[in-house]
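Hi,

Here is the structure I promised to pass on. Have a look at it first, and then read on for what I found.

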Amino acid sequence: MNRLTFLSQRLGDPRKYILSADDKPYLTEWALSTGFDAITVHAMSAVDLANLYHASANPESPANVDVQRVTAQAVMDTLAAMLKGDDTVRRVVREEIEALPPRQLIVTSSRGTTLIDGLIHYRTPLVIKYAAIGDDIMLVGPAGCGKTMIGEHTAQALQLPFYITSTINDTHELIGFVDGHGKYHDTPFRHAYKKGGVWIADEIDAWDANALLAANSALANGFCNFPDMSEPIRRHADFRMLATANTFGVGGDRLYVGRNELDAASLDRLSVIEVDYDLNIERMLAGGNDRWLEYVWKVRKIVNEKRIRHVVSTRAVTKGARALANGVDWDDVCEINLFKGMNSKDRDKIDD
Ligand SMILES: Nc1ncnc2c1ncn2[C@@H]1O[C@H](COP(=O)(O)OP(=O)(O)OP(=O)(O)O)[C@@H](O)[C@H]1O
Ligand SMILES: [Mg+2]
């Protein structure tokens, strides 16, 4: 008997499952072996895990729905049944659960139905819809707010391969080059453009201007020249560009200095979707450490209000909570995961 079969037998029918005191290790092991991401699983309480197990009873259900959050609804139904008759508790539970980010998303497209597992950013359903229409998209938001993750989930939703290109300093990083031995070195863009896929063009507002123009012309014209081919390659019907930027493409601000203005033609072609930190995801990633979560949020608020040049991203929540859970001192975690070398003048503004 393999371990997953053993765990399923030990826990029993997910529809009827009731959490008992010593089940957490089994639920954790079950969640990990069914592919849920380890950071998320270890951050979950026994009740969260039990709810996840309940939801597993019905992964394929609602058909013909574009993009639908399922886990929160399953959790709500289960708890509502358990709390039958107690309206106050039920209302509170309902409010709490509605604030949770969905942990599964069902997407039905012309390719069929896909189930995406993981915490789903509040912007992901909208991005999936635009990508499904065929638009090239620019996600604009602060560092570490989940843009890359949204791109990964979009690729999963459309059942396409996922490619990523980080900042480009020269056009050959986009279209590849032929070396001195006549060998062509290809690029993620070339793969996606030729065979289809979701291509993340990361930090596009920090790209070399010529590379950006080359990308824009390839996207607008529907074909692109590569150095190893005498004929241009046609854009694959399933090629999607998902650019990310830390500004609105109209030049750097005080935080993201050195960012370029995107030329009007590039900007005009893209559907621009603003993305911010997903506070519900951050609450989940904090693993129940409300003191840390609220401190990070407080520091972020002050940093924004006082226009301090510092990034307080979702990574500060995740990494700090994990360090604290592993016994690192509060002050050390603040220095290492939150303030990260902030000068004393700015520190004073925060402590004021
Ligand atoms: N949906 C999610 N599920 C779990 N963790 C997430 C999710 N979204 C973001 N995170 C956490 O936040 C971090 C930043 O996410 P991500 O790398 O997607 O952001 P980004 O906006 O692309 O960042 P950058 O601007 O640095 O490229 C991740 O390393 C992860 O820890
Ligand atoms: Mg990123």
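A residue counts as buried if 20 or more other C-beta atoms lie within 10 Å of its own, as exposed if 12 or fewer do, and as partly exposed in between, with C-beta atoms placed from the backbone. By that rule, 35% of the chain's 352 residues are buried.

Before you go further: this is a predicted model, where local features need pLDDT of at least 70 and side-chain atom pairs count only at pLDDT 80 or more, while totals for chains, interfaces and linings use all residues. Residues are numbered from 1 along each chain as its sequence is written, and chains are lettered from A and ligands numbered from 1 in the order in which they are written.

The chain has 17 helices and twelve strands; these are DSSP runs numbered from the N terminus (helices: H or I, at least four residues; strands: E, at least two).

Now for the sheet. Five strands make an open sheet in the order S5-S8-S11-S4-S12, paired in parallel (two strands pair if DSSP finds at least two bridges between them). S5 (162–165) and S12 (271–274) are the edge strands with a single partner each, so one side of each has no neighbour in the sheet. From one strand to the next, the twist averages 20 degrees.

Four bridges link S8 to S5, with Phe162 opposite Val198. Five bridges join S8 to S11, and there Gly197 stands opposite Phe239.

In a regular strand the side chains alternate between the two faces of the sheet. In S8, Gly197, Trp199 and Ala201 are on one side and Val198 and Ile200 on the other, and all are buried.

Helix H8 packs on this sheet, touching S4, S5, S8 and S11, and its direction makes about 170 degrees with that of S8. A contact here means C-beta atoms, placed from the backbone, within 7 Å; axes are lines fitted to C-alpha atoms (for helices, over the stretch in contact), and angles run from 0 to 180 degrees between N-to-C directions.

Which helices each supply at least two residues of the shell around ligand 1? They are H8 (147–157), H13 (279–285) and H15 (314–325). The ligand is surrounded by 16 residues, and Gly146, Lys147, Thr148, Met149 and Thr314 are the closest; a residue is near if its C-beta atom, placed from the backbone, lies within 6 Å.

Cheers

How values were computed: Contact = placed C-beta atoms within 7 Å.
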